[in-house]
Amino acid sequence: MSADSDALRSGSGTDFPAAANGTSGRSHRVALITGITGQDGSYLTEFLLGKGYEVHGLIRRSSNFNTQRINHIYIDPHNTHKARMKLHYADLTDASSLRRWLDVIQPDEVYNLAAQSHVAVSFEIPDYSADVVATGALRLLEAVRSHISATGRSHIRYYQAGSSEMFGSTPPPQSETTPFHPRSPYAASKCAAHWYTVNYREAYGLFACNGILFNHESPRRGENFVTRKITRAVGRIKIGLQSKLFLGNLQASRDWGFAGDYVEAMWMMLQQEKPDDYVVATEESHTVEEFLEVAFGYVGLNWQDHVVIDKRYFRPAEVDNLKGDSSKARKVLGWKPKVGFEQLVKMMVDEDVEIAKREKVLVDAGYMDAQQQP
């Protein structure tokens with residue numbers, strides 16, 4: 001994507017149907033996604049495009065494009081017959097931008113995936129995390145409610161991305177009826193967003209669903225999340241660009257699934273007759289140490305030769321064990337995960353070994369300093 005498309009990404013000059021009710025005047029459904037440049041946003045966009053949707057994504061203004069995860073499906077808006085994904089500048093901290101794009105785009109489905117989603121980082125920037133994750137969801141819900149009130153487009157359906165972190169220290173397995181006990185500013189903010197969504201559903205009749213998704217990973221996961229941090233290190237160590245990996249609590253246990261499977265559950269929730277809340281999980285729990293064993297063992301390495309425990313990566317309040325009970329989603333939605341734990345880990349390692357090989361070419365050519373990593 002060239003910088004020349006910058007103005008086009010803001011949505012200027014885009015022609016949208018003027019229909020005030022339902023999907024009259026257009027032959028396809030329209031989805032609006034916040035957080036479209038994230039892991040889940042990219043997989044959800046691919047999924048919806050495959051269903052024939054027109055997809056609009058809201059992105060934050062930055063001096064650098066942060067669109068790596070969706071570059072492969074981006075088509076310049078000048079190519080009007082093929083460009084079914086469009087990007088617009090907005091922010092969950094800016095209520096006016098949210099309402100404006102709802103009025104312009106007139107979506108049939110709204111997916112709120114945007115967040116400051118890193119648990120450890122939320123301890124360092126708690127105010128910002130709460131503003132985006134909790135109050136940001138409230139701003140978007142209010143924008144949807146206000147838009148419906150003004151236009152009568154009451155068929156709009158809303159998805160709120162929840163998190164297994166909301167359960168925190170509550171013993172597993174965790175289901176839709178399990179009490180929340182958040183252990184971080186991020187988790188507490190997600191709890192607020194969850195209850196805002198329930199409140200707008202009950203108070204205004206909004207078709208609003210909460211998806212309480214347990215940990216879901218992929219080769220597109222951010223590199224500062226523990227799973228991707230591990231697989232990136234495995235690739236670099238295998239190729240000879242790195243020797244050590246610094247981690248915190250290896251006994252933390254998580255229910256890890258594949259993000260590509262989980263976005264289908266998001267869509268399924270919005271296709272039901274009635275809005276509801278659903279836990280999405282594999283129903284298996286594995287420790288960080290188990291993840292290390294599979295990842296390093298897959299390429300013939302012993303993780304104990306390379307992993308160093310660093311106290312800076314321990315959280316002020318730990319979440320020991322998350323394991324979901326997704327029986328409701330399996331029964332009502334007909335959803336179940338397709339990718340298992342070991343398959344997921346190997347998928348991520350394969351991708352990161354290939355990335356490390358490309359880095360090695362740059363190092364050997366003198367374009368990259370191999371000593372940046374220990």
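**Exercise 1. Find the handedness of the crossing between helix 7 and helix 11, and describe how the two pack.**

Step 1. The crossing of helix 7 with helix 11 is right-handed, meaning that the near helix is turned clockwise from the far one by less than a right angle. Helices here are DSSP runs (H or I, at least four residues) and strands likewise (E, at least two), numbered from the N terminus.

Step 2. Before going on, note that this is a predicted model, where local features need pLDDT of at least 70, side-chain atom pairs count only at pLDDT 80 or more, and totals for chains, interfaces and linings use all residues. Residues are numbered from 1 along each chain as its sequence is written, and side-chain values use heavy atoms, with hydrogens and water left out.

Step 3. Now look at the contacts (heavy atoms within 4.5 Å). From helix 7, residues including Thr 227, Thr 231 and Val 234 meet a set in helix 11 that includes Val 345, Val 349 and Asp 352.

**Exercise 2. Which residues touch the most other members of the largest nonpolar core?**

Step 1. A nonpolar core is a set of buried Ala, Val, Leu, Ile, Met, Phe, Trp, Tyr and Cys residues joined through side-chain atoms within 4.5 Å. Buried means under 20% relative accessible area, exposed over 50%, and partly exposed in between (1.4 Å probe, protein chains only).

Step 2. Among the 64 residues of this core, the answer is Leu 48, Tyr 111, Tyr 159, Ile 230, Met 269, Leu 292 and Phe 296. Helix 8 (residues 259-269) gives the most to the core, with eight residues.

Step 3. Pick Ile 230: leaving aside residues up to four places away in sequence, its partners include Leu 245, Val 288 and Phe 291.

**Exercise 3. Is Gln 106 buried or exposed, and where does it lie?**

Step 1. Gln 106 sits in the loop between helix 3 (95-105) and strand 4 (109-112).

Step 2. Its phi is near 50 degrees, a positive value in a residue other than glycine.

Step 3. Gln 106 counts as buried because its relative accessibility is 10%.
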